[in-house]
Every structure is written in structure tokens, then in C-alpha cells.
Amino acid sequence: MILKKHIAEIRSWVYHNIVAITLVLIFVLLYILLPGTEDTFVSFGATCMKYVNGEYYRWITCLFLHYNLRHLLANSIGILSVGSLLGSFLKKRHTLFIFLSGGILAEIAYSMVITDLTYDIGASSGVFALIACLIVCILRFPKHFHFIWYRPDVIITIVYFIFANTSVSAFLVHSFGFAAGIMISFILVITGRIKTAGTSG
């Protein structure tokens, strides 16, 4: 009986968090298939507008690449945790939309601000957009969120939010992602795309 309950809980978690799980699988697959070399980062990373030179695909491809295993693990655990908190509340297409659009807007802003030839890669800008969405939803619909604050996904999301800023450039792109997430989530709320808990699909 207890085993069946745990299996049901796992199945429910997977169903509600399928977007984050799918994204992590893509991250891992690309990490395995693409060499983690400077050439890869130069070809697919987001950089300053001067060097983008019409290669606007960079603002998407950079979201799916990672520098090393630690970078991959941190972003994978981060997106699974915030996805777990949003999964039963946000529709799956909205979760994906916020991750992609928030990440892309953050990378565009990053390209406009930096002036030197540096390359940004990683999913963290999209993860910060999702964290921003979580905050907007908690403030807008507080009765629908009953977090136990010592839950692993809650703790990991908080730790990720605080400690993911390992450099000035990371803080910069994370701030852009968070700001984009606030803006996008606010629009989704006022247009009725985000309504109440239990609307995932």
C-alpha cells in the first residue's frame, strides 16, 4: 500500500514536471554529443552584439549548452526544483514559454550590454525567469501555494537563487532573466493565461 502511494506520487511528479525533465534530458544529450570546447562555445554561445553578426540563433542555442559537468548538474537540479514547484500550477506550454522567452530576452539584453568577446551559455537565465514566475504566482495566488519550507525542492530553489551568481556576468544575465520572467508572468496573469492552481495541461 505504501509502495503504491509512493509510485503514484512519483508518477504525479513526473507528469506535472515533464517540461523540466524533458529539458534536462536535452541538456544531457547535447552535453554528451557536443564537445565542450572553446570552438563549441564560440559557435553557439551568446556574445556581444558586435560579434553576433546576424547569428541570432545564438540566443536560443546558448540556453541548452553547459561549460562542464558541475554547470550542467547545477542547472538541471535548479530547473527540476522550480519546475516541481510550478508543475501542478502552470500549464506545461506556459512553463516552456517562460523558460525559452525569458532566457532569450535575457541573452539579447546581455548581448546589448557587454562589449567584449565573451560567450555566455547555460540554462540559468531561463531558470531565473521561472523563479520569477513562481514569485509572481505566489504573490498573486497565495492561497494556492502551501509549501512546506523544508521540502527539498523549496530549499534547492532558494539555494540556487542565492548562490548561482558565481560571477559578474552570471549575475548580469540572471538579473535579465529574472526581470524578463517577472514581465512575462505578469502579462500571462493579467491576460488570464495563469489563473488558479491545478490548471496544468
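This is a predicted model: local features need pLDDT of at least 70, side-chain atom pairs count only at pLDDT 80 or more; totals for chains, interfaces and linings use all residues.
Residues are numbered from 1 along each chain as its sequence is written, and side-chain values use heavy atoms, with hydrogens and water left out.

**Exercise 1.** Find which residues are linked into a cluster by ring pairs.

*Solution.* Start with the pairing rule: ring centres of Phe, Tyr or Trp (its six-membered ring) lie within 6.5 Å. Searching the whole structure then turns up 9 aromatic pairs. Now follow the links: F128, Y160, F161 and F178 join into a cluster.

**Exercise 2.** Work out which ring the charged end of K92 sits over.

*Solution.* Look for NZ of Lys within 6 Å of a ring centre and within 35 degrees of the ring normal. For K92, that ring belongs to Y15, with the centre 3.8 Å away.

**Exercise 3.** Describe the lining of the largest pocket by class.

*Solution.* First, get the pocket: an open set of points on a 1 Å grid where a 1.4 Å probe fits, with protein on both sides within 12 Å along at least five of seven lines. Its volume, the space filled by probe spheres set on the points, is about 500 Å³. Next, take the lining, meaning residues with an atom within 4 Å of a point. There are 25 of these, and H71, A74, N75, A164 and T166 come closest to the centre. Finally, sort them: 14 are nonpolar, 9 polar (Gly counts here) and 2 charged.

Terms used: Rings of Phe, Tyr and Trp (its six-membered ring) pair if their centres lie within 6.5 Å; planes under 30 degrees apart count as stacked, over 60 as edge-to-face and the rest as tilted.
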